Amino acid sequence: MNFSVIFENIDIYLEGLWVTLELVSLSLLFGFLLAVPLAVILTASKNPVITLPVRAFIYFFRGTPLLIQMFLVYYGMGQFDALKDTFLWDYFKEAHFCALFTFALNTGAYTAEIFRGAIANTPSGEIEAAKAAGMSKPLMFRRIILPSAFRRALPAYGNEMIFMLHGTALASVITIVDITGAARIINSRFYSPYEAFITAAAFYMAITFTLVWILKKVEYRCLAHLRRDG
């Protein structure tokens with residue numbers, strides 16, 4: 001094994017690291033902003049006209065592979081002339097936007113289901129206390145139900161964040177040079193697959209363990225009321 005080629009071309013990995021972190025952070029942000037209202041709709045509304053499209057969206061993105069979803073966006077959008085005649089084509093013709101768009105929708109669907117379950121399992125005592133205090137339903141969601149659901153959903157949402165980090169490795173198949181894309185470049189140049197991809201794995205492990213450490217700290221603070229001292 002010769003890791004000298006890795007050290008000589010570490011700048012490629014660092015560029016890929018930045019792209020990976022950007023994709024993960026932005027997709028989680030947009031996915032979160034999408035998931036919260038969808039979860040509220042599923043738990044607060046009984047109108048099938050409203051809930052069925054939301055359920056269909058969640059079932060599609062949870063029931064199909066992420067790679068297929070990305071191919072549909074990256075390769076499929078170009079066949080719609082109506083889209084190509086609008087300003088949106090300036091975005092969808094870019095691989096980076098297609099990957100981010102797909103990742104955001106995918107994690108949004110999973111996160112919406114996580115939050116829906118957390119909202120549905122809100123202790124009845126908290127809801128009764130909010131009603132007794134005279135809170136309206138929107139105020140109850142904003143001050144009681146959502147904060148409580150977010151705290152209880154943290155462990156599951158933390159797993160989703162890690163899955164999304166690993167899922168971004170698929171971005172390399174549509175020409176994006178993320179960490180995996182950097183490893184593919186090194187492998188194609190120097191024919192060193194082991195060195196190239198073990199380095200990529202080391203980068204992913206470092207990010208994962210850092211993320212797990214941060215999540216543990218956040219859970220420790222947010223779920224302090226559930227711990228038994230001593």
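A few ground rules first. Residues are numbered from 1 along each chain as its sequence is written, and side-chain values use heavy atoms, with hydrogens and water left out. Because the model is predicted, local features need pLDDT of at least 70 and side-chain atom pairs count only at pLDDT 80 or more, while totals for chains, interfaces and linings use all residues.

**Helix 3**

Let's start with helix 3, residues 48-63; helices here are DSSP runs (H or I, at least four residues), numbered from the N terminus. Its buried residues are Thr51, Val54, Phe57, Ile58 and Phe61, where buried means under 20% relative accessible area, exposed over 50% and partly exposed in between (1.4 Å probe, protein chains only). Seen down the helix axis, these buried residues fall within an arc of 125°, so they line one face of helix 3; the arc is taken from the directions from the axis to the C-beta atoms. On the other side, Val49, Leu52, Pro53, Tyr59 and Gly63 are exposed. The cover over the buried residues includes helix 2 (10-44), helix 4 (66-74) and helix 7 (95-120).

**The nonpolar core**

A nonpolar core is a set of buried Ala, Val, Leu, Ile, Met, Phe, Trp, Tyr and Cys residues joined through side-chain atoms within 4.5 Å. The largest one has 56 residues, and Tyr13, Leu23, Ala99, Phe103 and Ile176 touch the most other members. Helix 2 gives the largest share of this core, 12 residues. Leucine 23 touches His96, Ala99, Leu100, Phe103, Thr168, Ala171 and Ile176, leaving aside residues up to four places away in sequence; contact means heavy atoms within 4.5 Å.

**Salt bridges**

You will find 2 salt bridges in the structure, each a side-chain nitrogen of Lys or Arg within 4 Å of a carboxyl oxygen of Asp or Glu.

| Pair | N to O distance | Relative accessibility |
|---|---|---|
| Lysine 93 and aspartate 90 | 3.9 Å | lysine 93: 46%; aspartate 90: 46% |
| Arginine 116 and glutamate 113 | 3.0 Å | arginine 116: 24%; glutamate 113: 21% |

Glutamate 113 and arginine 116 both belong to helix 7 and sit 3 residues apart, about one turn of the helix. An α-helix has 3.6 residues a turn, so residues three or four places apart point the same way.

Conventions. Helix = DSSP H or I, 4+ residues; strand = E, 2+ residues; numbered from the N terminus.
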